[in-house]
Amino acid sequence: MKSFLISGDRSGAGKTTITLALASLLSKEGSVQTYKTAMDYIDSSYLAGVTKRSCYNLDSFVQTESESRRILSLGADADFGVVEGVRGLFEGLDAFSDVGSTASIAKMFDLPVILVINARSITRSAAAIVNGFRDFDKDVNIAGVILNNTGHGRHVSKAVDAIEYYCKLPVLGAVPRSENIELASRHLGLVPFLERSQNGEFAERISKISEFVSEHVDLNAVKSIAKNIDAVKSEPLTVPQTKTAAIAYDESFNFYYGELADILKNLGFSPKYFSPIHDDLPDADTYIFGGGYPEMFAEKLEANDSMREDILSRAKEGTPIYAECGGLMYLSRSLSVKGTPRKMCGVFEGDASIPVKKVLGYVVGEAELGGVKYPFKGHEFHYSAVKMDTGAKFAYSLSRGTGIDSGKDGAVYKNCIGSYTHLMPVSSERILCRILCGSEID
């Protein structure tokens, strides 16, 4: 894979828009495998949308290096590999290491980095920023720069000349300020791809963004700094698919990591998808409810009575069910949105509400399942809370993070578990196997 990584000098530098455009443009020349650093669903869904391939996540805090390399290998049959960073290049777990940062992934795979600089109202200072980033960690290969939010004429030429003179790095493009290439957001980030794609809006917007970026970024220059990454291709799965995993996937639930389907197949499951808003509950051996925006569609979720009743019935029968964040809210007794309660599934004896204080960050914990303890790392990001009844049982204890209640997470009902913790499937394969299969991986 001829690969490169795009990072920003800060959040809001414009790296997501530029990454989307470059991935879309490269897709016209060959297959493109995208990756997103850190535990992010929404940006990943956009990258998957433009390439028609699952986007995989790389996180050096949650994953071991061998797990990250396993994930990289899932897309190694592509012509191009494009990695999008998170926040600024060096933002990570703490102030004194690069764990969890974009820089750590760049170094792990020796990826050439394209640094996107928010050049609004600066010219010569852009060179100081680039040199500062390059000198901060010389093991990170900053190979080129894209200026974003520029003006025109003299503003661009001064900034470009300064960077190329003082930094001896190529400026691959300068993208002017334009409201026409902004992407719609809400309280958890960008509006998810699935919502925007349903009416054709996404395709039209990406076409305009790609055309605009192509006019201001030299795609051939971008390709010239891409480096062949030695990613061992995954061996074809030989595990027989003898079970079915039904996955809730619609406008209300669509926060899933790209490798989930690969891990399910590795555990012997054939994935099938259904909508808790629009469908009847399909027959399956296990059910998965990911994160999303159930609060935006609470009235519609409540209206599908048969779906909610059938989910509760399957839970009472002992069918394994796994729910994260938005899925936890849906499987609770009720969901109150700005004070208006809506009936949910009632699997867990607790009530969800939104909005409350934002909770965002990594979690570290231990899951006790079937008498066995499994350490894990993950992530939580929500503006909601679930107040459980007295006596509620929890399978997770967190040493870092909030969870459902002061470090307790993973609410339990029979063979159902619901948590605010988001688990990365490759790193948590043993836990998922225990929850979904009721046994250890062979």
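## Terms and basis of the model

Two strands pair if DSSP finds at least two bridges between them. Helices (H or I, at least four residues) and strands (E, at least two) are DSSP runs, numbered from the N terminus. Strands of a sheet pair through backbone hydrogen bonds, either parallel or antiparallel.

The structure is a predicted model, in which local features need pLDDT of at least 70 and side-chain atom pairs count only at pLDDT 80 or more, while totals for chains, interfaces and linings use all residues. Residues are numbered from 1 along each chain as its sequence is written, and side-chain values use heavy atoms, with hydrogens and water left out.

## The sheet of 10 strands

Strand E16 (residues 321-324) and strand E25 (residues 416-419) pair in the parallel sense, over 4 bridges. Within this pairing, Tyr322 stands opposite Ile417 in E25. Both strands belong to an open sheet of 10 strands with mixed pairing, in the order E13-E11-E14-E16-E25-E24-E23-E20-E21-E26. At its edges are strand E13 (269-274) and strand E26 (422-423), each of which pairs on one side only.

Helix H14 (residues 429-437) packs on this sheet, and the strands that H14 touches include E16, E25 and both E13 and E26. Contact here means heavy atoms within 4.5 Å. The direction of H14 makes about 100 degrees with that of strand E21 (372-382); axes are lines fitted to C-alpha atoms, for helices over the stretch in contact, and angles run from 0 to 180 degrees between N-to-C directions.

## The sheet of 4 strands

Another open sheet is formed by 4 strands in the order E18-E17-E19-E22, and its pairing is also mixed. Its edge strands are E18 (340-343) and E22 (385-388), each pairing on one side only. From one strand to the next, the twist averages 25 degrees.

Strand E19 (residues 350-354) pairs with E22 in the antiparallel sense over 4 bridges. Ala352 stands opposite Val386 in E22.

## Helix H1

Helix H1 covers residues 15-27 and therefore has 13 residues; from its first C-alpha to its last it reaches 18 Å, close to the 18 Å expected at 1.5 Å a residue. The expected span is 1.5 Å times one less than the number of residues.

Of the 13 residues of H1, 12 are buried, and the helix is mostly covered. Buried means under 20% relative accessible area, exposed over 50%, and partly exposed in between (1.4 Å probe, protein chains only). Among the buried residues of H1 are Lys15, Ile18, Leu22 and Leu26.

## Helix H12 and its surroundings

Helix H12 (residues 305-317) has 13 residues and reaches 18 Å from its first C-alpha to its last, close to the 18 Å expected. Its buried residues include Met307, Arg308, Ile311, Arg314 and Ala315. These residues lie on the same side of H12 because they cover an arc of only 130 degrees around the axis; the arc is that of the directions from the helix axis to the C-beta atoms. The face turned away from this buried side carries the exposed residues Glu309 and Glu317.

Asn304 is placed in the loop between helix H11 (298-303) and H12. Asn304 is buried, with a relative accessible area of 10%. Not counting residues up to four places away in sequence, Asn304 touches Pro276, Ile277, His278 and Asp279. After H12 comes Gly318, whose phi is positive, near 95 degrees.

## Salt bridges

The structure holds 19 salt bridges. A salt bridge is a side-chain nitrogen of Lys or Arg within 4 Å of a carboxyl oxygen of Asp or Glu. One of them joins the side chains of Glu65 and Arg69 (3.1 Å, N to O). Both residues lie in helix H3 (residues 65-73), 4 residues apart, about one turn of the helix. Glu65 is partly exposed at 43% relative accessibility, and Arg69 is partly exposed at 35%.

Asp110 and Lys227 also meet in a salt bridge (2.1 Å, N to O). This pair links distant parts of the chain, 117 residues apart: Asp110 lies in the loop between helix H4 (102-108) and strand E5 (113-118), and Lys227 lies in strand E10 (residues 227-228). Asp110 is partly exposed at 38% relative accessibility, as is Lys227 at 32%.
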